[in-house]
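Here is a quick tour for anyone opening this model for the first time. Keep the 3D view beside you as you read.

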Amino acid sequence: GENVEQHPSTLSVQEGDSAVIKCTYSDSASNYFPWYKQELGKRPQLIIDIRSNVGEKKDQRIAVTLNKTAKHFSLHITETQPEDSAVYFCAASRGEDSNYQLIWGAGTKLIIKP
Amino acid sequence: KAGVTQTPRYLIKTRGQQVTLSCSPISGHRSVSWYQQTPGQGLQFLFEYFSETQRNKGNFPGRFSGRQFSNSRSEMNVSTLELGDSALYLCASSLDEGFRVNTEAFFGQGTRLTVV
């Protein structure tokens, strides 16, 4: 079955610097890769996602890159701000069969230092 | 449009008891998934229901069960509670129209269960 590994588990960066979180997956049939942000005491919310037919997607300060050959995808946050402090989860799934299921990474706690 | 609603928000139970948690998905969403979240363990998938049928199941013991009703509302039940079941239980709904198109999962606020 699919397995998703996420690194690092904790990331501390200076405000204004960039942050990168990486995930690797095992199932080459996976074709959907969302990223969720969970602020302290709140529910996870989708911030960006990418499908296997593209290699990169951007939304303002957030970008996701996908390397299908190496089976890894990364979240990039530029010009980090205090409100970026949260736990970030990556996930992977495939949608062609009846076993569609999001497989989640263990999460990365991002700390933005003022 | 109302979001995903989970009740109750907080629950304290004694070891050995059973508990039922409820999740009302966004109107029109037919897929409901349940997750257990504990500090340092991320999101552990419990099960997913679609059109009243359990479509996927995670690696949890049989004490964890669920069901979905015709209006897509879902319940999960945990019997013979153990101290280790203390966690935040999240449900998420998605607009899965059966075309195998991955869509965004919308989470509820969760039910925080404490077993004493």
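## Where the chains meet

Strand S4 (32-38) and strand S5 (45-51) of chain A each bring at least two residues to the side of chain A that touches chain B; strands are DSSP runs of E, at least two residues long, numbered from the N terminus. S4(A) gives the largest share of that side, 3 residues. Sorted by class, the side of chain A that touches chain B holds 9 nonpolar, 7 polar and 6 charged residues. In this sorting, Ala, Val, Leu, Ile, Met, Phe, Trp, Tyr, Cys and Pro are nonpolar, Asp, Glu, Lys and Arg are charged, and the others, Gly among them, are polar.

The contact (heavy atoms within 4.5 Å) draws 22 residues from chain A and 19 residues from chain B.

## About the model

This is a predicted model, where local features need pLDDT of at least 70 and side-chain atom pairs count only at pLDDT 80 or more, while totals for chains, interfaces and linings use all residues. Residues are numbered from 1 along each chain as its sequence is written, chains are lettered from A and ligands numbered from 1 in the order in which they are written, and side-chain values use heavy atoms, leaving out hydrogens and water.

## Two cores

The largest nonpolar core has 25 residues, and A:Trp35, A:Phe73, A:Leu75, A:Tyr88 and A:Leu110 have the most contacts inside it. Such a core is a set of buried Ala, Val, Leu, Ile, Met, Phe, Trp, Tyr and Cys residues joined through side-chain atoms within 4.5 Å, and buried means under 20% relative accessible area (1.4 Å probe, protein chains only). Apart from it lies another core, of 21 residues, including B:Leu11 and B:Trp34.

Not counting residues up to four places away in sequence, A:Leu75 touches, among others, A:Trp35, A:Ile47 and A:Tyr88.

Look for B:Ser72 in the loop between strand S7 (64-68) and strand S8 (74-78) of chain B. B:Ser72 counts as buried because its relative accessible area is 11%. Beyond its neighbours within four places in sequence, B:Ser72 is in contact with B:Pro25, B:His29, B:Arg30 and B:Val32.

A:Ile103 sits in strand S10 (residues 103-104) of chain A. The C-alpha atoms of A:Ile103 and A:Glu39 are separated by 20 Å.

Key: Helix = DSSP H or I, 4+ residues; strand = E, 2+ residues; numbered from the N terminus. Buried < 20%, exposed > 50% of the residue type's maximum accessible area, 1.4 Å probe, protein only.
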